[in-house]
Structure formats: structure tokens, C-alpha cells
Amino acid sequence: MISNIAGRWISHMSEEIRAYAVKQDVVDYNAENLVMLQAQLINKDYVGKVMVEKVSKDAKSYAAGKYYIPGVAINFGEHPVEAGHRILTEELEVEDREIRYISTQSHWNDEKKHWYVLFIFETVDPLTEDEMKNTCEGIDELVYFDLEDATNENSTQGLIDIREAMRNPGKTYI
């Protein structure tokens, strides 16, 4: 079959080729076939450990009591760089600072049927000691963590996926 889509001729369209158009104010994390655009922020100390948040043990979340790399869902129409800065000012509640784009990652969660497209940024400088003490609601602590120590028992699958993708740049995970 040949189709004219937006002025381009596309051949061999099938049920396996899908497009997603999403505009919503609230993300339904329980939906199947969810496409999630996120910004994640890597902040390293001077010895290369990565700053992670430890989710409160009493949180009503799969992440309760586990470490994860700070990140946010990208709002509809928001540029990924804006979302990267929002991690600093809204999620971590620290002073905004210079960030650099380092990579894009693609992850598939077969259990939830979620596809995550992550825009990974890094800060130029580590957080200060005072900033590390400033945990926001739902977070027990901010710590610098060796990603090699991440396990399914102490870390979210997202943190482990990001670590694995950093080990194997360019690998497609879906």
C-alpha cells in the first residue's frame, strides 16, 4: 500500500508502524502503550559518583525506599532543556545552573507497556553541601552514589536502565 502523508509518499504501511499524538495535562501512569518524554539530570561529585534521590519508604510508589536519578516528565510543548532546568528549580529545589545535553535514551518497559524517551543532561558543577541537605517532599535524602552499586533491591529500574545505556551508548532498547 502507498499513502501520501503530509506530502510524502510512504510505502509498506502496516499495523506495526504506529504514530502517537498526545496532548494531555495529566499523565496517566497506569495507561498501556504510554509514550513518556522525560528529562533526567546527571550531577556528579568530584570522584564521579552520581547524585540520586532516595524516595521515602512510606511513599505509595514502586520506587518507595529506592534510589533514582532526578527527572521530570516533559510538559506538552516544553523544550527538553527547559525541563532539564526545571529538575533543578522545581524537583530538587536548588539554584538553577548551567546544564549540558549529553544523550538521548530509549527504554521499553514490557510489564507496563511504556516507552520512555529520555533526554539526559548533566550539570557542570556538583550540588553544594547545603543543597544536598535540602530534600523535597517525598524524598528521604540526596546522596552521591556509585551507579555500579545499583541493584533491583536498592534502585529503580529507570536508574538501572540509564546506567546500562551509559555503558552501551547507541544501543536501542526497544
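**R97 and E131 are both buried.** Buried residues have under 20% relative accessible area, exposed ones over 50%, and partly exposed ones a value in between (1.4 Å probe, protein chains only). The model shown is predicted: local features need pLDDT of at least 70, side-chain atom pairs count only at pLDDT 80 or more, and totals for chains, interfaces and linings use all residues. Residues are numbered from 1 along each chain as its sequence is written, and side-chain values use heavy atoms, with hydrogens and water left out. A salt bridge joins R97 to E131, with the closest N and O atoms 2.4 Å apart; the term denotes a side-chain nitrogen of Lys or Arg within 4 Å of a carboxyl oxygen of Asp or Glu. This pair links distant parts of the chain, 34 residues apart: R97 lies in the loop between α1 and β7 (99-109), and E131 in helix α2 (residues 129-133). Helices (H or I, at least four residues) and strands (E, at least two) are DSSP runs, numbered from the N terminus. In total, the structure holds nine salt bridges.

R86 is buried, its relative accessible area being 14%.

**A network of salt bridges links E148, R163, E164 and R167.** Within this group, the side chains of E164 and R167 meet at 2.6 Å, N to O. E164 and R167 are separated by about one helical turn, because they stand three residues apart in helix α3 (residues 157-167). E164 counts as partly exposed at 23% relative accessibility, and R167 likewise counts as partly exposed at 41%.

**Three antiparallel strands form an open sheet in the order β5-β4-β9.** The edge strands, β5 (67-68) and β9 (139-145), each pair on one side only. Pairing requires that DSSP find at least two bridges between two strands. Strand β4 (residues 50-55) is joined to β5 by two bridges, and the two run antiparallel. E53 stands opposite Y68 in β5.

**The largest nonpolar core has 18 residues.** A nonpolar core is a set of buried Ala, Val, Leu, Ile, Met, Phe, Trp, Tyr and Cys residues joined through side-chain atoms within 4.5 Å. The residues with the most contacts inside the largest core are A39, L41, M51, L92, L127 and L142. At least two residues of this core come from each of β3 (34-42), α1 and β9. A second, separate core of 17 residues includes V50, F145, A150 and I160. Leaving aside neighbours within four places in sequence, L127 is in contact (heavy atoms within 4.5 Å) with N43, M51, V94, R97, M132, L142 and Y144.

**The largest pocket contains about 1,300 Å³ of space.** On a 1 Å grid over the protein atoms alone, a pocket is an open set of points where a 1.4 Å probe fits, with protein on both sides within 12 Å along at least five of seven lines; lining residues have an atom within 4 Å of a point. Grid points are joined across faces, edges and corners, and the volume is the space filled by probe spheres set on the points. The lining comprises 42 residues, of which Y29, Q38, Y62, Y68 and Y116 lie nearest the centre of the pocket. Two or more lining residues are given by each of β3, β4, β6 (71-73), α1, β7, β8 (114-123) and α3. Helix α3 gives the most, with five residues.
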